[in-house]
Amino acid sequence: MTNTADVIVIGSGVVGSATAYELARRGHRVTVLERSPNVGDGASSRNGAGVRLGGRLSPEAELAAKSIYEIWPTLGEELDADLEYVRAGSLTLAHSESQIASLDKKLAKDRKSGAPSRLVDGAEAREICPYLSSYVEQAVWSEMDGHANPMATTLAYYRAARRLGARYITGENVVALEKRQGRVRRVLTEAGTVYEADKVILAAGFNSRRIAKTVGLWIPFLKRVDECLITEVQPPMFQVRLSCADGNFYGSQTRHGSFLFGGNTNLERYEECYDGKPMNTNKQAADKCRAIAKFLPALKNVKVVRHWAGWLDSMVDRLPIIQEIPEVPGLILACGFSGHGFAIAPAVGKVVTQLALGEPACVDVSALSYDRFKPTGV
Ligand SMILES: Cc1cc2nc3c(=O)[nH]c(=O)nc-3n(C[C@H](O)[C@H](O)[C@H](O)COP(=O)(O)OP(=O)(O)OC[C@H]3O[C@@H](n4cnc5c(N)ncnc54)[C@H](O)[C@@H]3O)c2cc1C
């Protein structure tokens, strides 16, 4: 085996694997380097399963529209896998005045991006999801939203990419990039192996920052973790995705019956183990469960069987960077998905592939450039 390829992708999450699949589908030699022994061992295997069109800013909204209208509906067939994708709509729930004010902000965003959504009162919300309590005062109904199985989706991309000839090397911790004649060409790993390619795609989630620094790029990530919990199996109840307007919880019932809920308390940023594995706090699950029980009393006595945390590679403006960096030719950044990357990964894989091949992108992502960050306060 040689260590050269047309394109090297760093990171085997849903973004890296969707890109590897698209490149391999078009006949390119692609090598994916993954530091973990397991494929998709980042946010992609830890996320809350939401495939949401609403509540997004441009051009992330266009990536979501491309994914949800054009790709998700037939993606399982294309990848020959059951992704458990369900488009049953979502309700963003509100009780307090501040939560109701958040609904207005969400509706304003949707009006701007063209995502279909509307305000409903508590009674209509309960018609859509009869398990909701009278605690729901108002909600936003977004009919195009849904959910899918994140691990199944990431592995489906991985398997499809492998079938098409993509090479995955796990246990390869990338530590640096190196330029040759002004272009990024070499990828160095902790084990001392050197890989070479014409294009390098950096899709290593939160760790992209450390790797990008080796060629002088500073990515303004915020330190944030998000947590999820999963319940014991319940009989089929509803397919609509639910979330609380202030982010206390979001989630849905999985195909096998467990409920998967994510959320944050805004205290996670004070977590100490910033450089290590993301850890659960003792506050998160309890906080989520209290909120869920108020809105969904039917789940009040359901047991939580597991909970976990994952890094959000959160940018300061909550939008990713997707660009071949002009100052560092040969390097394409595809990171900073800020807790929103699973739903849009199908379109992102296509766009990143087009950037790598020097083609016009099917979604204009020029606003997601690295140089959109300017010094403030001067
Ligand atoms: C708790 C939680 C809930 C979420 N909920 C949702 C949701 O409901 N809907 C949604 O759309 N998004 C959600 N997200 C966000 C979504 O999961 C991410 O945006 C998406 O998975 C990003 O995919 P990725 O491939 O860019 O990154 P990752 O999945 O993080 O993949 C990066 C990969 O790079 C590898 N890597 C890291 N460093 C190196 C290195 N040095 N060398 C080689 N490999 C390396 C990692 O091991 C990992 O496998 C959530 C995230 C979390 C954490």
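Which residue has a side-chain N or O atom 2.6 Å from an oxygen atom of the ligand? Hi everyone, the residue is glutamate 34. This is a predicted model, where local features need pLDDT of at least 70 and side-chain atom pairs count only at pLDDT 80 or more, while totals for chains, interfaces and linings use all residues. Residues are numbered from 1 along each chain as its sequence is written, and side-chain values use heavy atoms, with hydrogens and water left out.

Let's stay with the ligand. A polar backbone atom of valine 15 is 3.1 Å from a ligand oxygen, and for glycine 341 a backbone N or O atom lies 2.9 Å from one. These are polar contacts, meaning pairs of N or O atoms within 3.5 Å. On its own the ligand has 1000 Å² of accessible area, and the protein covers 96% of that (Shrake-Rupley method, 1.4 Å probe).

Finally, the largest nonpolar core. It has 52 residues, of which Leu63, Trp72, Ile201 and Ile322 touch the most other members. Core members are buried Ala, Val, Leu, Ile, Met, Phe, Trp, Tyr and Cys residues joined through side-chain atoms within 4.5 Å, and buried means under 20% relative accessible area. Helix 8 gives the most to this core, with nine residues. In soluble globular proteins, nonpolar side chains tend to be buried together.

Technical notes
Polar contact = N/O pair within 3.5 Å; in protein donor to acceptor, adjacent residues only side chain to side chain. Buried < 20%, exposed > 50% of the residue type's maximum accessible area, 1.4 Å probe, protein only. Helix = DSSP H or I, 4+ residues; strand = E, 2+ residues; numbered from the N terminus.
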